[in-house]
Amino acid sequence: MKVEQIAVFLENKSGRLAEITATLAAENINIRALSVADTADFGILRLIVDNVEKAKATLKSNGFTVGITNVVAVEVADKTGGLADVLKTIEEEKLNVEYMYAFVNKTGENAVLIFRFDDMDKAIESLQRTGYTILSGKEICAL
Amino acid sequence: MTLYWEEEMETLPRVGLESIQLKRLQHLVARVYKTVAPYREKMDAAGVKPEDIQSLADLAKLPFTVKEDLRDNYPFGLFTVPMDQVVRVHASSGTTGKPTVVGYTKKDIRTWSGLMARALTCAGATSKDMVHNAYGYGLFTGGLGAHYGIERLGATVIPVSGGNTKRQITIMKDFKSTVLLATPSYALNLAETMEGLGVDPQSLSLRVGVFGAEPWSENMRDEVERKLNIKAVDIYGLSEVMGPGVAMQCLEGEKGLHVFEDHFLPEIIDPDTGEVLPPGEKGELVFTTLTKEAFPIIRYRTKDISRLMYDECACGRTLVRMEKVTGRTDDMLIIRGVNVFPSQIEHVLMGIEGVEPHYQIVVNREGNMDTMSVEVEVSENIFSDEIRKLEALSKRILADIKDMLGVTCKVKLVEHKTIQRSEGKAQRVIDNRKL
């Protein structure tokens with residue numbers, strides 16, 4: 001139950017993010033979630049999109065450096081303490097988080113947390129065992 | 001079995017070779033003294049006459065010739081024959097001043113073609129080969145110099161020149177090119193373009209690449225060999241001395257380029273004092289032409305750094321080998337007192353798995369402090385979605401450069417294909433210091 005995520009290398013130059021989103025829009029690719037991690041010199045844009053292969057091909061042909069990584073999408077109720085509960089479980093299960101970001105689905109009832117763990121299989125097993133809902137790529141796009 | 005073009009000259013015992021060299025040198029010095037006023041004036045000022053050249057060691061008595069001498073006598077002031085005997089001229093680009101102009105008689109063109117054929121034979125090329133000549137045609141000696149040599153060899157020359165890379169690949173495929181002549185940076189551009197087009201180098205007929213006209217590192221050689229699936233050998237030449245075909249690496253020897261000593265006399269000097277250094281020591285390469293008619297040159301300071309190796313070569317040639325040129329006295333950067341050659345940075349980068357040979361060195365002066373920033377492209381091979389891993393990569397590059405050169409630099413990761421690709425000679429250094 002892993003979700004494929006697109007990562008794009010970005011130099012800290014004005015307009016790069018706009019170029020990427022315009023490139024995806026032109027190909028009718030919908031962005032479901034994104035996050036930018038940055039340092040003084042460069043950044044990494046991470047995207048969950050509705051068509052991973054097409055997004056990768058499009059960005060590549062436009063000269064971007066693109067990678068695909070697997071992440072885990074956990075659905076929690078959008079209420080106070082929702083994230084805290086998951087993070088507590090993660091700590092108890094001794095899972096290592098490389099990075100995470102979140103978005104709220106259209107109805108506003110649930111939030112989706114995107115995690116990258118150092119040991120993905122162990123994380124999925126632990127989260128499922130402790131009763132969390134893990135979404136597939138298809139399910140995210142259907143939200 | 002080693003192939004030779006002129007076996008007798010290429011395998012002459014040193015005693016015989018040196019006696020030919022001395023005879024040719026004496027003849028040259030006498031002729032130049034008589035016909036070219038600037039040479040005569042310099043020799044008179046140094047108190048040396050043609051008769052003083054009694055042995056090869058006496059060469060050291062003669063004054064050096066430098067690029068400025070060519071500029072001062074622009075365009076034809078150092079030619080030794082009337083212009084009606086000159087059948088061709090070539091010139092340097094003149095990016096840093098007036099261009100330098102060189103000329104050739106009919107006999108010079110014949111000599112040059114023969115030496116270029118000799119060089120190609122060193123690389124294992126024969127009349128059966130299809131030679132893809134991607135050196136620039138025009139005032140630059142690379143294109144035409146190689147062209148005449150390929151024809152002399154009897155091989156088929158494809159005069160593609162530089163640029164129009166996609167078409168070059170189509171030609172390479174359709175014409176079944178077996179030998180590639182190009183600058184090493186352009187060879188990489190070709191390899192990368194092939195990758196983009198989905199052309200597998202294994203499907204081509206290329207066997208060997210003859211690369212020169214810019215300094216390149218051993219790790220770069222490995223990269224080119226791997227990417228194009230060929231054997232890469234080194235050719236050396238410069239227009240002031242003749243053009244390509246002054247020295248050439250053989251297929252059999254592990255390292256170094258055979259200097260075609262029956263036509264060019266090499267010396268290694270200390271670039272600061274001008275003293276001739278003992279055999280084997282590293283310094284600036286100096287050439288005297290022995291057979292050229294229109295534009296002979298005496299003790300030309302090339303600014304290329306090398307050393308001469310007199311040990312036996314597996315190929316059987318007795319011609320001395322010069323070490324691969326990996327730096328020039330004028331592209332040496334002095335960063336906070338440390339000498340840095342771009343090829344050393346290249347060597348470090350190519351030694352790191354996944355790093356591509358596209359880099360640029362940017363030098364700035366901040367206050368009184370020189371700063372060097374090495375820009376490296378992030379290819380898919382080294383890209384990660386985790387900041388930590390990319391930062392580890394830039395730290396590794398920084399540490400390796402510090403280990404090898406003893407100088408701290410900044411490492412900047414830049415987007416793929418943002419560093420300009422070479423169409424000929426790569427621009428590796430941007431020096432923003434106003435020195």
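In chain B, strand β5 (residues 179–182) runs parallel to strand β6 (residues 208–211), and the two pair over four bridges. One of the details to look for is B:A182, whose bridge partner in β6(B) is B:F211. Please keep in mind as you browse that this is a predicted model.

- The open sheet has nine strands with mixed pairing, in the order β4-β3-β5-β6-β7-β8-β9-β14-β13 (chain B).
- At its edges sit β4 (156–158) and β13 (308–309) of chain B, each of which pairs on one side only.
- Helix α9 (residues 218–228) of chain B packs on this sheet, where α9 touches β6 and β7 (231–238) of chain B.
- The direction of α9 makes about 130° with that of β7(B).

**Where the chains meet**

- Chain B brings 16 residues to the contact, and chain A brings 14 residues.
- On the chain B side, α11 (387–405) and β20 (410–414) each supply at least two residues.

**Two domains in chain A**

- Chain A is divided into domain 1, covering 3–69, and domain 2, covering 70–142.
- Taken over C-alpha atoms, the centres of these two domains of chain A are separated by 22 Å.
- Across the boundary, 10 residues of domain 1 of chain A are in contact with 13 residues of domain 2 of chain A.
- On the domain 1 side of that contact, β1 (3–11) and β2 (31–38) of chain A each supply at least two residues.
- β2(A) gives the most to this side, with four residues.
- The residues of the domain 1 side divide into four nonpolar, three polar and three charged.

**Helix α4 of chain A**

- A:A123, A:I124 and A:L127 are buried in helix α4 (residues 120–129) of chain A.
- Seen down the axis of α4(A), the buried residues fall within an arc of 100°, so they line one face of the helix.
- An α-helix has 3.6 residues a turn, so residues three or four places apart point the same way.
- Turned away from the buried side of α4(A) is a face that carries the exposed residues A:D121, A:E125 and A:R129.
- The cover over the buried residues of α4(A) includes β4 (66–77), β6 (110–117) and β7 (133–135) of chain A.
- After α4(A) comes A:G131, with a positive phi near 90°.

Technical notes: Residues are numbered from 1 along each chain as its sequence is written. Chains are lettered from A and ligands numbered from 1 in the order in which they are written. This is a predicted model: local features need pLDDT of at least 70, side-chain atom pairs count only at pLDDT 80 or more; totals for chains, interfaces and linings use all residues. Domain bounds come from an automatic or database domain assignment. Two residues are in contact if their C-beta atoms, placed from the backbone, lie within 7 Å. Ala, Val, Leu, Ile, Met, Phe, Trp, Tyr, Cys and Pro count as nonpolar, Asp, Glu, Lys and Arg as charged, and the others, Gly among them, as polar. Two strands pair if DSSP finds at least two bridges between them. Axes are lines fitted to C-alpha atoms, for helices over the stretch in contact, and angles run from 0 to 180 degrees between N-to-C directions. A residue is buried if 20 or more other C-beta atoms lie within 10 Å of its own, exposed if 12 or fewer, and partly exposed in between; C-beta atoms are placed from the backbone. The arc is that of the directions from the helix axis to the C-beta atoms.
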